[in-house]
Amino acid sequence: MSTYESDLLRLLEERGYIHQVTDAAGLDKLAMSQVVPGYIGFDATAPSLHVGSLVQIMMLRRLQQAGHKPIVVMGGGTTKVGDPSGKDESRKLLTQETIQANIASIRTVFERLLAFGDGPTDAIMVDNDEWLSTLGYIDLLRDVGPHFSINRMLTFDSVKLRLEREQPLTFLEFNYMILQAYDFLELARRYDCRLQMGGSDQWGNIVNGMELSRRMEGRELFGLTTPLLTTADGAKMGKTAAGAVWLNEAQLPSYDFWQYWRNTDDRDVGKFLRLFTDLPLDEISRLEALEGAEINQAKIVLANEVTKLVRGEEAAVAAEATAQATFAGGGAGEDLPSLSVGAEGMRIGAVLTELGFTASNGEAKRKIAEGAVKLDDEVIDDAGFLIEAGEGEQRKLSLGKKKHAIVTR
């Protein structure tokens with residue numbers, strides 16, 4: 001039985017999103033009595049967010065499903081500074097044009113998952129550059145500076161870890177937590193935003209914003225964090241040996257995105273279905289109870305549902321069809337990554353690296369020596385093998401059981 005009365009906190013609790021809440025009873029009561037505008041901030045350091053951000057995006061979706069208002073804050077301003085949280089080194093600074101192009105690209109994923117508009121529960125996307133870039137430095141120091149203790153700021157993990165490792169933490173980055181706290185105050189002023197959500201590593205930043213708003217304006221705000229999401233084998237969500245699992249199609253083909261979810265560890269299937277799909281909880285319970293080879297059916301459902309939400313129905317259907325053609329029929333589906341080797345052909349190691357299947361030619365040689373590489377289902381054990389393709393010919397290159405590509409002329 002849930003300890004909460006509001007649809008919002010019940011939904012978040014049932015699906016596994018809640019790690020900490022600053023005042024659970026107060027937020028529960030507020031969510032029962034009014035539409036609660038809530039926000040999560042996203043930095044614009046790349047043209048796409050990756051799967052590690054998906055739990056936060058889904059939380060905004062849940063907020064809207066429970067009848068409340070999601071505010072997506074793009075960090076056009078804070079991206080100019082750099083968040084030290086979880087980072088070992090300073091982030092490279094981006095130009096204004098790059099940041100704006102990244103925001104436009106990232107928005108496309110949010111438009112699939114949230115309903116935007118002017119209604120009371122419609123989502124809005126705002127850029128914190130609007131208010132941060134107009135702040136006068138002296139004004140900020142005078143108005144906001146007195147509410148921050150350096151002693152306390154030095155205790156935050158994001159700062160402490162960098163100092164302990166004797167890695168440089170610039171004064172620019174040290175200001176990040178002040179700017180994030182100021183965001184919450186400004187959103188409360190502009191949109192009556194009452195709730196900030198984020199990953200568990202953002203707890204200190206969220207509490208900072210709440211305290212700043214209370215001290216400066218006597219506002220009562222709330223914070224809620226999600227558990228740190230790792231896979232059953234302890235890996236960080238959204239990272240694979242081949243690199244980040246990007247949400248945007250331009251950064252990662254839909255087949256690879258689908259395959260990431262299809263390859264989920266058996267132990268994570270139920271958790272991921274609750275967090276990343278809209279399937280009813282009783283259906284999820286049925287799927288996660290499947291055993292042996294049958295659990296693969298649950299993984300296909302997971303891959304289809306997540307791909308449908310993030311990439312659209314067509315992408316999910318095409319990716320599953322490709323997987324079936326590749327794995328079941330031994331053929332080659334249309335949606336696989338492909339590479340042209342030209343009329344003169346290409347060495348097999350170079351092809352593997354070019355496709356991103358291996359990180360280097362050295363790794364490619366090791367995989368070939370292990371017998372993990374097949375061309376048209378035949379093992380290739382010669383690292384110098386030249387892959388050639390005839391006019392219009394499609395050849396299937398495989399690394400292990402899960403990575404496949406089409407090689408053409």
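Axes here are lines fitted to C-alpha atoms, for helices over the stretch in contact, and angles run from 0 to 180 degrees between N-to-C directions. The model is predicted. On that basis, helix α13 (residues 269-276) and helix α15 (residues 295-311) cross at roughly 25°, and their axes come within 10 Å.

**Helices α13 and α15**

- Angles under 35 degrees count as roughly parallel, and α13 and α15 are therefore roughly parallel to each other.
- On the α13 side the contact involves V269, F272, L273 and F276, which meet I295, A298, K299, L302, V306 and L309 of α15.
- Nine of the residues in this contact of α13 with α15 are nonpolar, one is charged and none is polar.

**Helices α3 and α4**

- Helix α3 (residues 54-65) packs against helix α4 (residues 96-113) at an angle of about 45°, and their axes lie 10 Å apart.
- That angle makes α3 oblique to α4.
- The crossing in which α3 passes α4 is right-handed.
- From α3, the residues L54, I57, M58, L60 and R61 meet F110, R112 and L113 of α4.
- The contact of α3 with α4 consists of six nonpolar and two charged residues, with no polar ones.

**The sheet**

- Six strands make up an open sheet with mixed pairing, in the order β1-β6-β5-β2-β3-β4.
- Its edge strands, β1 (20-21) and β4 (124-127), each pair on one side only.
- Strands β2 (residues 37-42) and β3 (residues 69-74) run parallel and are joined by six bridges.
- Within that pairing, G41 has V73 in β3 as its bridge partner.
- Helix α2 (residues 24-33) packs on the sheet, where it touches β1, β5 (195-199) and β6 (222-226).
- The direction of α2 makes about 105° with that of β6.

**Strand β6 and its neighbours**

- β1 and β6 run antiparallel and are joined by two bridges.
- V21 has L224 in β6 as its bridge partner.
- β5 pairs with β6 in the parallel sense, over five bridges.
- The bridge partner of G199 in β6 is T226.
- β6 is mostly covered, with five of its five residues buried.
- In a regular strand the side chains alternate between the two faces of the sheet.
- In β6 both faces are covered: F222, L224 and T226 are buried on one side, and G223 and T225 are buried on the other.

Note on methods
Residues numbered from 1 in each chain as written. Predicted model: local features only at pLDDT ≥ 70, side-chain atom pairs only at ≥ 80, totals over all residues. Heavy atoms only, no water. Pairing = 2+ DSSP bridges. Helix = DSSP H or I, 4+ residues; strand = E, 2+ residues; numbered from the N terminus. Contact = heavy atoms within 4.5 Å. Parallel < 35°, antiparallel > 145°, perpendicular 65-115°, else oblique. Left-handed = near helix turned anticlockwise from the far one by under 90°. Nonpolar A, V, L, I, M, F, W, Y, C, P; charged D, E, K, R; others polar. Buried < 20%, exposed > 50% of the residue type's maximum accessible area, 1.4 Å probe, protein only.
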